[in-house]
Amino acid sequence: MTEIIYPPAEKTLQVQTPRGAVHLLGPVRSERLQQLTFAEGLRNFRPANRQKEALVKIAALPEGMIYAALHGETVIGYVTFHRPNKYSRWSKHPRVLEVGTIEVAPEWRQFKIAKKLLELAFDNPALDDCIVITIEFCWHWDLEQARMNVWQYQKMLTRLFGSVGMQKIPTDDPTITEHPANVLMAKFGKNVSPADLQLFAELQFEKKISELPACCRSSAAGRQGCS
Ligand SMILES: CC(C)(COP(=O)(O)OP(=O)(O)OC[C@H]1O[C@@H](n2cnc3c(N)ncnc32)[C@H](O)[C@@H]1OP(=O)(O)O)[C@@H](O)C(=O)NCCC(=O)NCCS
């Protein structure tokens, strides 16, 4: 990946919630994360202590970034940014950065913490040089806690990521099309070159247009985002 220079200093934002003040900050350095406690409720993807280890590793990567929501010295939410998995087609693009996961502990949900975390992260000028993607796999979603079906949850997430300018992007990536509720979203940074936009468009559809089912041909031909 072409080197992205991340701002060395953390940016912060204070959010008032019915449970008290929450301090948002990032990018959080790996050493700092190591010292923080993770709320037990941060276990949507794996137990909180193991998720903490994973985040500490991401923060130490040259292209990794973590934005965290703290109540006191306890992490109650976070969002991760990293390069796509090396086996994913998106890793072939030098400018793609992926929002890996976003999670807020259940007792802190619906206080706009996720929305504000994204707002703070996307204020980072380093993202102007990137194509930021998120691949939303429905098998990761906490449908039970949210009391939503997959379509309602998909709508909630696309609105959430849409709040920072990400848009739905059509693709024939089989890991995404495996379930119709899965969704790819992207935001194209303002400094991304036309050549890098073109390379991304080529990755959206690796099958030739003539090999696609009729329903996908028009969006593939345009290779643009859809709503
Ligand atoms: C998805 C998740 C991060 C949202 O966190 P959050 O802090 O509760 O979200 P916010 O309070 O910022 O809400 C963002 C928007 O979604 C809506 N929303 C969130 N949860 C909702 C719910 N259960 N019911 C209805 N609306 C909901 C909010 O009303 C808000 O909409 P608005 O801006 O139009 O008013 C949280 O539910 C979570 O951690 N889920 C488990 C992990 C997950 O599914 N991550 C996404 C895949 S990586």
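Which residues are buried in helix 2? In the predicted model examined here, the buried residues of this helix include Gln51, Leu55, Ile58 and Ala59. Seen down the axis of helix 2, the buried residues fall within an arc of 95 degrees, and they therefore line one face of the helix. On the other side of helix 2, by contrast, Asn49 and Arg50 are exposed. The cover over the buried residues of helix 2 includes helix 1 (30-35) and strand 3 (37-38), together with strand 4 (65-71) and strand 5 (74-82). Helix 2 itself comprises 13 residues, 48-60, and its span from the first C-alpha to the last is 18 Å, close to the 18 Å expected at 1.5 Å a residue.

This helix belongs to a protein in which eight helices and nine strands are found. The protein has 227 residues, of which 32% count as buried. Where contacts between residues at least 6 apart in sequence are considered, 63% of them join residues that are at least 24 apart.

How values were computed: Residues are numbered from 1 along each chain as its sequence is written. This is a predicted model: local features need pLDDT of at least 70, side-chain atom pairs count only at pLDDT 80 or more; totals for chains, interfaces and linings use all residues. Helices (H or I, at least four residues) and strands (E, at least two) are DSSP runs, numbered from the N terminus. A residue is buried if 20 or more other C-beta atoms lie within 10 Å of its own, exposed if 12 or fewer, and partly exposed in between; C-beta atoms are placed from the backbone. Two residues are in contact if their C-beta atoms, placed from the backbone, lie within 7 Å. The expected span of a helix is 1.5 Å times one less than its number of residues. The arc is that of the directions from the helix axis to the C-beta atoms.
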